[in-house]
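Hi,

Here is the structure I promised to send over. Have a look at it first, and then read on for what turned up when I went through it.

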Amino acid sequence: MSKFRAVFRSFAIGAMLALWSVPSFAQDKADSAKPAAQDSGVYYEIFVRAFYDTNGDGIGDLNGVTAKLDYIKSLGISGIWLMPINPSPTYHGYDITDYEGINRQYGTLKDFNTLLAEAHKRGIKVVMDMVINHTSDQHPWFKAALDPKNPHHDWYLWAKPGTDLQAISAVGGPAWHRASNGAYYEGTFTGAMPDLNYDNPAVRKAMIDVGRFWLRQGVDGFRLDAAQHIYDDLRSDMSDPIALQKNVRWWTEYRHALEATDPHVWLVGEVARQNPDDLTPYMGPLNTVFDFPLATQLIQSVSQERNLGIGRGLEFTYAAYRQHDHGVFDDAPFLSNHDQQRVMSQLDDNMAHMRLAAALLLTLPGHPFIYYGEELGMQGSKPDENIREPMRWYRSGKGPGTASWKDWSTSDDASVSVQAQDADPASLLNLYRKLIGWRSQVAALRDGVLRNVPITDPHGLAYTLQDAQSRVLVVHNLSRDARAFEISSDAHVSSVLLQSNGGVVLGNGKVTLPPYTTAVLQ
């Protein structure tokens, strides 16, 4: 066992750094109808189609989200991210045909406004998925663009003489697709999703106007789909500094324009890169980005029951984020989302590992995101439809409101349901509630400056979190065995404030943690 070294090497420096931390998901908005900033800072991703069905057609709807706001509130959630709710020819909605409309299968604009009002009454913010890298090929803009003389023609990217029509896109498929008029257009993802031309001022204006439209409806922010691909279209663009600069320039313009409508709009970008250095340039142009490298590291560390450098890496990364954004810090950690194998499946249905992963995620600063059903331990593996399956409300899998747009593909049993776990104090659902609740009790867990605490035991992870109001030492036992970690006298901890499992003992200069246990010491 080794000592925690230099836990609080300089209280003065730590206090100064703490001033860099920003309150959880911004401040109250000027509009008194909007909710006050919530304490946990945790967000909940919802695929509306799969969540809760109120009209019996088998498809989840906006009224279903409204009906389950009290459940979401019971988790301690601060905000929800709605996957695309605009009209679209596909089940997933990531190819939009009307940016200012609501998918009829989900309801109406009136239903959405009701959801906004009811969410705000409960102090829950609402973030919309904003899919503006591309449109649907069924969008009226693209249909008009097939005529080279139509002004919308220049809203899209068309092949020119000498264009390599065999080029590979940044996501690995063909970049160029043949239109019905015989011309070739760029579609980074698929031919059904033609890329917009952001060198055209009319496109930039149109997309800013779309954002302003939804802000005026009352939304609190946007999850920006494919944020890196506005200009990062081809495989050859992925390391191109010019493409990066143009991306950053656009998102800076976008943020400033939306802030003119709502100074507190919150923007979280999808930049699906595994190198933290690739995320840093977007801090400032956006409020934050999803931390894909951390998601991978958390899952791998839990699976291997070893500290793979999480604390050391985060201390460096968070400092880089602050430096790039003039001292402001935010992060969007998560374990999995709608594009990835569900956490429980990545962890081979190991409940102990699932519980540990939740504890790691929810004791990190920033705005953690939870994918609906994660709190129950729902499984799901590719193809994509199988990781977007109906929310499990009932032991039987059937009952009022259960979506039935597709059948379940997993071996989840009756225990993987809200009905089974709600009243069980030992359930995964109630562990999530407990951990999210910690963030309401301890400001440093949300907003603190993270300092890695090096230890030689590869099965332990420790770090301090300090803000202007609180200072704690977080210790994780990543192993299946009880572990005793020595604590140096300058750690200034005298009590166990919080623990994920019972049995944590602090005394005689050591803290002893049962297997897979997290403790917060003060």
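Let me start with a helix pair. Helix α7 (residues 201–217) packs against helix α8 (residues 241–261) at an angle of about 35°, and their axes are 10 Å apart. The crossing of these two, α7 and α8, is right-handed. If you want to find the contact on screen, pick out R204, M207, I208, G211, R212, L215 and R216 on the α7 side. Their partners in α8 are W250, E253, Y254, A257, L258, A260 and T261. Sorted by type, the residues of this α7–α8 contact come to eight nonpolar, two polar and four charged.

Before you read too much into any of this, keep in mind that the model is predicted.

The crossing of α10 and α13 is right-handed. On the α10 side the contact is made by L298, V302 and S303, while α13 brings in H353, L356, A357 and L360. What kinds of residue meet in the contact of α10 with α13? Five are nonpolar and two are polar, with no charged residue in the set.

Now the whole protein. Along the principal axes, the C-alpha atoms fill a box of roughly 80 × 50 × 45 Å. Of the 522 residues, 60% are buried. Take the contacts between residues at least 6 apart in sequence: 68% of them join residues at least 24 apart.

N452 sits in strand β10 (residues 449–452). Is N452 buried or exposed? Its relative accessible area is 17%, and the cut-off for buried is under 20%, so N452 counts as buried. Leaving aside residues up to four places away in sequence, N452 touches G311, R312, E315, A462 and Y463.

Then there is some backbone geometry. Most residues other than glycine have a negative phi, and most peptide bonds are trans.

- The peptide bond from K382 to P383 is cis, with omega near 10°. You will find P383 in the loop between β9 (369–371) and α14 (418–421).
- N508 is not a glycine, yet its phi is positive, near 55°. N508 belongs to the loop between β15 (505–507) and β16 (510–513), and with a relative accessible area of 83% it is exposed.
- Y516 has a positive phi too, near 50°, and is likewise a residue other than glycine. Y516 lies in the loop between β16 and β17 (518–521). At a relative accessible area of 16%, Y516 is buried, whereas N508 is exposed.

Cheers

Key. Residues numbered from 1 in each chain as written. Predicted model: local features only at pLDDT ≥ 70, side-chain atom pairs only at ≥ 80, totals over all residues. Heavy atoms only, no water. Left-handed = near helix turned anticlockwise from the far one by under 90°. Helix = DSSP H or I, 4+ residues; strand = E, 2+ residues; numbered from the N terminus. Contact = heavy atoms within 4.5 Å. Nonpolar A, V, L, I, M, F, W, Y, C, P; charged D, E, K, R; others polar. Axes fitted to C-alpha atoms, helices over the stretch in contact; angles between N-to-C directions. Buried < 20%, exposed > 50% of the residue type's maximum accessible area, 1.4 Å probe, protein only.
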